[in-house]
Amino acid sequence: MSSTLNFSQILNNHLNNIMNPQSFIQPFNLQQLQRNAIATNGNENEMNIENFIPNNISSQIGNDQNIVALQTIKSEYNRDSPHLKINVYKQHQQTNQKTYILQDDKIIGGNQIHKNEIQIIRRKKTSRSSENNLDIGLTPIESNIDQVPCKISTEFGFKYSSRITPQILLFLSLKQFNSSFAALPSNVFRLIHQFIKEQPKFYIQDCGTSLQTLVRIQKDNPRIINENNKYLIGADFYFHVVQLSTYNLKFEDKRQQETDTDYFYQTLVREHIRDRARIHGLSKEEQDIFQKYLQNYTQMKKKGKKQYSLENCNRPFLKIQFDTPIVKQMAIFIGRPGGSNIFKIGRSQDCDIIVNMNTVSRKQTQIKFNVNQWEISDGEGIKQSANGTWQSLQQYENPLNPTQQKISQPLRIEDKMEIKISENIFRFDMVGFGIQKRIKLNNQLYKDLTNIDLF
């Protein structure tokens, strides 16, 4: 009985030590702070915390209260603990950015959160600052509007990361009762702990307001395209995915087709005539065949009311529609099964789709059929576009048949991810979350590991 009590007490003591951030997270030095874009003054042990004042504090309280708020922020903020830094700025105006710090499931200096979420909301003027439940504010263009475009879920954040898992219990018991394991260097314990503990996960969701939330697509990190996805290229040019297919097997029911080739071209002709869709991805030989079918469309139409659908063709395709208020514009990209095709959108004359808008770059966006999936990325090669390629968290909805807008599916926040709401861009930097990339063991650590016989 006594051994059981001692074991529990030992585990509890070691648990308190292991969950102390000072035990596993090394303080940032000056160079590390500069690399993470954290403002410092001449003394590397001090931090210019005034740069971390949230909008809802600095703009709504007096000078005397501001001093008290700064003291509160300094007492709440721990630069050695993991935190999510959120920079808010306008497009191409990063010098005027505001910085928020999300740590321990709350915005430092702000109000306590409720229901495991942080709200990104328009600023609302109130007579008393205590009535303002603002978490992160947007520009007060319309002061009488209180909308929540999106929210950040912290349900699986910092507190979730402190859970006592079986892996942690095993780690503690080995450290206490296995002398060989206990002899490992402290830096080895830090590495083990970073790998086995639950990592904080933060999610962002669009709340279905008119201010839609968009996530930036990086040039070197393509995103998979799905039906009803909506995209913004440049500043104000939208398009959405109407239909897509990666690859279909050949028909088994011969009654629904003449031949694969004949059915394919007749379908393309009908898409072109009915929706004025431009066809991209055909070879020169296929383009000549398509033109012949197009010329004979009147005769083909007399064959009867047969149902022609791209989904029944034995070719991968992507059909998109540009959301222009004047005329419906369609484009159909045809891929090659098992191959790779790249389609370009931009102002350049060698793009597949030319968009004559000043806010669109010469090589704005690339759409690619990659073996068995459709992908979208920004820019071309090593050069990204000026205004970015963005994907809306909201799915496209037909304005002629609107449905009740709902909260979007949660999207996990990644390091250096950027989202856009109206003209505001939010950049997320994950600071102090442990090992982000594969690290190389130094020679001394390698010797320490190889010279210890655990069992």
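**View 1. F171 in a buried aromatic pair.** F171 is buried, at 4% relative accessible area. Buried means under 20% relative accessible area, exposed over 50% and partly exposed in between, with a 1.4 Å probe and protein chains only. The model is predicted: local features need pLDDT of at least 70, side-chain atom pairs count only at pLDDT 80 or more, and totals for chains, interfaces and linings use all residues. Residues are numbered from 1 along each chain as its sequence is written, and side-chain values use heavy atoms, with hydrogens and water left out.

A search of the whole structure finds 14 aromatic pairs. Rings of Phe, Tyr and Trp (its six-membered ring) pair if their centres lie within 6.5 Å; planes under 30 degrees apart count as stacked, over 60 as edge-to-face and the rest as tilted. The ring centres of F171 and F189 are 5.9 Å apart and the planes stand at 55 degrees, so this pair is tilted. F171 belongs to helix α7 (residues 166-177) and F189 to helix α9 (residues 186-196), so the pair ties together parts 18 residues apart in sequence. Helices (H or I, at least four residues) and strands (E, at least two) are DSSP runs, numbered from the N terminus.

**View 2. F189 and its other neighbours.** F189 is buried, at 7% relative accessibility. The rings of F181 and F189 have centres 5.6 Å apart and planes at 70 degrees, so the pair is edge-to-face. F181 is buried too, at 10%. K175 lies over the face of F189, 4.7 Å from the ring centre. A charge sits over a ring if NZ of Lys or CZ of Arg is within 6 Å of the ring centre and within 35 degrees of the ring normal.

**View 3. An aromatic cluster, and a charge over a ring.** Y231, F237, F239 and F322 form one aromatic cluster. K230 lies over the face of Y238, at 5.1 Å from the ring centre.

**View 4. An open sheet.** Five strands form this sheet in the order β9-β18-β17-β15-β16, with mixed pairing. Two strands pair if DSSP finds at least two bridges between them. The edge strands, β9 (223-224) and β16 (353-354), each pair on one side only. Strands β17 (residues 365-370) and β18 (residues 373-378) run antiparallel, joined by 6 bridges. I367 has I376 in β18 as its bridge partner.

**View 5. Strand β8, enclosed.** In strand β8 (residues 213-217), 5 of the 5 residues are buried, so the strand is largely enclosed by the rest of the structure. T213, V215 and I217 point one way, and L214 and R216 the other. Strand β21 (residues 417-421) runs antiparallel to β8, with 3 bridges; T213 stands opposite I421. Strand β19 (residues 389-392) is also antiparallel to β8, with 4 bridges. L214 has S392 in β19 as its bridge partner.
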